[in-house]
Amino acid sequence: MAEIVIMGELLVEIMRPKEDTPLHETDYFRGPFPSGAPGIFISTAARLGHSTAIISGVGNDEFGENILRRLKHDGVDVSRVIVPDDGHTGIAFVAYTSDGERKFLFYMDNSPCVKAKAPADMSGFEDTKYMHVMGCSLMADMNFAREIVKTMNMLKANGVKITFDPNVRLEMVKDESVWGILREVMNNASVFMPGVSELKFFMQEDDVEKAIAKAFTNENLELLVLKDGSRGSRVYSRKGLEVTQPIYKVVQEDATGAGDSYDGAFVCGLAEGKSLKECAEMGAAAGALNAAAFGPMEGKISPETVREMISRN
């Protein structure tokens, strides 16, 4: 029985090992690394000791095997990951610049990673407490987005809380109607986990405080977890600012996936009944551990390493 569930794309990342090496230049890559924001999230939650499941798809190929082996090793239930014979596993090629920017080339059209369907019934989800939704998953394919929303509505009707990271990837937007689906998910979310620019964008407000107030006009919203890069994170409830959490400093190898690991650890804290401060500490620790390793889900994340990171700071 999965306590924490996600539905979204799985893919491998093939990455430039050196900064400022554009994708159009002939040079070396590293990989494949198992990835996809939903995969990073659910891997983090599983490594922190929670029962987890993902609804997704991979190709019947070596890249799909790469992903499934890793998720199974981490303890994720992958029984709802489809593996059809047609279509390849999703791929992202990634390059970095020295100022921290990233360039992605996604190859997911007609991939099984955006072909999974909503469950037919609640079998296996009776103990689910949280469903996490990533905005990038909604942008990947409109039919897939509708299946994610169908799953969200089914689980919410059964008392499951929805957590939502908008995780905007403008390079993935092919259909403008996706913005309506993103807002539908946001309006059903109990926990909204944007970056500062995403918050302003979704609320159509340049002032952060006005944007926060506008977000809480959503009657379902209980918490707003605002991620602000090197400035850390802030957690708001309907009463106002509850927690200010700095980052935990590490020697950064690769920031890819740090926000997804933050989300996974924060939701684990909620599932464990932790205080908001403890949830934010768990998120910051998992994000730092993720960033300290090269590869999107290669950080040494465990209950022990998270506790150690928090105790050192």
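In what order do the strands of the open sheet of 4 strands come? Select them and you'll read β3-β2-β7-β8, with mixed pairing. Strands here are DSSP runs (E, at least two residues), helices are runs too (H or I, at least four), and both are numbered from the N terminus. Two strands pair if DSSP finds at least two bridges between them.

Before you go on: this is a predicted model, where local features need pLDDT of at least 70 and side-chain atom pairs count only at pLDDT 80 or more, while totals for chains, interfaces and linings use all residues. Residues are numbered from 1 along each chain as its sequence is written, and side-chain values use heavy atoms, with hydrogens and water left out.

**The sheet**

Back to the open sheet, in the order β3-β2-β7-β8. Pick out β3 (30-35) and β8 (102-107): they stand at the edges with a single partner strand each, so one side of each has no neighbour in the sheet. Neighbouring strands are turned by 25° against each other on average, direction ignored. (Axes are lines fitted to C-alpha atoms, for helices over the stretch in contact, and angles run from 0 to 180 degrees between N-to-C directions.)

Next, select β2 (residues 11-15), which runs antiparallel to β3 and is joined to it by 4 bridges.

A cis peptide bond joins G31 and P32, with omega about 5°.

**Two loop stops**

Go to D20, in the loop between β2 and β3. Its phi is positive, near 60°, in a residue other than glycine. Then try Q204, between α6 (196-203) and α7 (208-215), where phi is about 55°, again positive in a residue that is not a glycine. Buried or exposed? Q204 counts as exposed because its relative accessibility is 56% (buried is under 20% relative accessible area, exposed over 50%, partly exposed in between, with a 1.4 Å probe and protein chains only).

**The second largest pocket**

Finally, select L48, E272, K274, E278, E281, M282, P303, V306, R307 and I310, which line the second largest pocket. α10 gives the largest share of this lining, 4 residues.

Technical notes
1 Å grid on protein atoms, 1.4 Å probe; cavity = no way out; pocket = protein on both sides within 12 Å on 5 of 7 lines; lining within 4 Å.
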